[in-house]
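Subject: Handover of a structure

Dear colleague,

Please find the sequence and the structure below. A description of what was found follows, arranged by topic so that you may read it with the model open.

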Amino acid sequence: MKLTYFNGPVRAELIRLVLVQGGIEFEDFRFEFNDWPKVKEEGDFPFKQVPVLETNGLKLCQSRVIVRYAARLAGLAGKTSEEEAMSDMLVVAMEDDILEKYWQCIFFEKDPEKKAELQKTFKEEKVPKFLDNIDKLYQKSGGDYLLGNSISYADLAYYRMINAIKSLTGDDIGSERLKGLYQRVAALPRIVNYEKTKPKPAF
């Protein structure tokens, strides 16, 4: 199994975390921006984009498709159809409501005044409201993780989300319960090892 993506987290980090926590061996092939034309030309990727997961002669693209596939392989998608739907809902919400907004106000907006305004709104309004909603769902689960007492890829997505946005929001965000969730995931042996050994990202 081979995962191909830039030497950075953006669209591939959750996939990496899921594969790592699932104990699935894979080649984490990372390349620099300058190498993208060559990688794209030689890669024979379905839609000429990354990330791409190659497994059993199959080439999968689209990050959400890949991460769901990886979560099923790793046993982290949820134990029932309902849990699978809940984990998908949480992960998509984190991506659409937080990460996409974060990338917009950090990387994509070029006007300094608009960028500053977007960052202020994101930090002071968007994130607190979103975390409050997540916390309410977490409280209802009644367990150590978002879906109860078993870890799912939604927990890894939460950990990944906080790691992404804390450069803007700082570490001290969310309820004590959510801080505990983050720390619980961060302390998982496979995650600890991954964080210690992964290459230094270019962005």
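Two strands are said to pair if DSSP finds at least two bridges between them. This term is needed for the section on strands. Please note also that the model is a predicted one.

The chain as a whole

The secondary structure consists of eight helices and four strands. Their order along the sequence is β-α-β-α-β-β-α-α-α-α-α-α. The radius of gyration is 17 Å, close to the 17 Å that the globule rule gives for 203 residues, so the chain is as compact as a globular protein of that length. Along the principal axes, the C-alpha atoms fill a box of roughly 45 × 45 × 30 Å. Of the 203 residues, 44% are buried.

The strands

Strand β3 (residues 52-55) pairs with strand β4 (residues 58-61) in the antiparallel sense, over four bridges. Within this pair, Thr55 has Leu58 of β4 as its bridge partner. The two strands form a hairpin with two residues between them, and Asn56 there takes a positive phi near 50 degrees. Strand β3 is also joined to strand β1 (residues 2-6) by three bridges, and these two strands run antiparallel. Here Thr4 has Val52 of β3 as its bridge partner. As background when you look at these strands, side chains in a regular strand alternate between the two faces of the sheet.

The largest pocket

The largest pocket holds about 310 Å³ of space. It is lined by 19 residues, and those closest to its centre are Pro9, Arg160, Asn163, Ala164 and Phe203. Helices α1 (13-21), α4 and α6 (153-169) each supply at least two residues of the lining. The largest share, five residues, comes from α6. By class, the lining has 11 nonpolar, three polar and five charged residues.

Is Glu13 buried or exposed? Glu13 belongs to helix α1. Its relative accessible area is 6%, and a residue under 20% counts as buried, so Glu13 is buried. The C-alpha atoms of Glu13 and Pro51 are 9.9 Å apart in space, while the two residues are 38 residues apart in sequence.

Ser87 is placed in helix α4. With a relative accessible area of 0%, Ser87 is also below the 20% cut-off and is therefore buried. A polar atom of the Ser87 side chain lies 2.9 Å from the backbone oxygen of Glu84.

Lys79 lies in the loop between α3 (63-74) and α4 (81-108). The relative accessibility of Lys79 is 65%, and the limit for an exposed residue is over 50%, so Lys79 counts as exposed. Which side chain does the side chain of Lys79 meet in a polar contact? The partner is the side chain of Ser150, at 2.9 Å. Lys79 and Phe33 are 46 residues apart along the chain, and their C-alpha atoms are separated by 39 Å.

With kind regards

Definitions and conventions: Residues numbered from 1 in each chain as written. Predicted model: local features only at pLDDT ≥ 70, side-chain atom pairs only at ≥ 80, totals over all residues. Heavy atoms only, no water. Buried < 20%, exposed > 50% of the residue type's maximum accessible area, 1.4 Å probe, protein only. Polar contact = N/O pair within 3.5 Å; in protein donor to acceptor, adjacent residues only side chain to side chain. 1 Å grid on protein atoms, 1.4 Å probe; cavity = no way out; pocket = protein on both sides within 12 Å on 5 of 7 lines; lining within 4 Å. Points joined across faces, edges and corners; volume = space filled by probe spheres on them. Nonpolar A, V, L, I, M, F, W, Y, C, P; charged D, E, K, R; others polar. Rg over C-alpha atoms; globule rule 2.2 N^0.38 Å.
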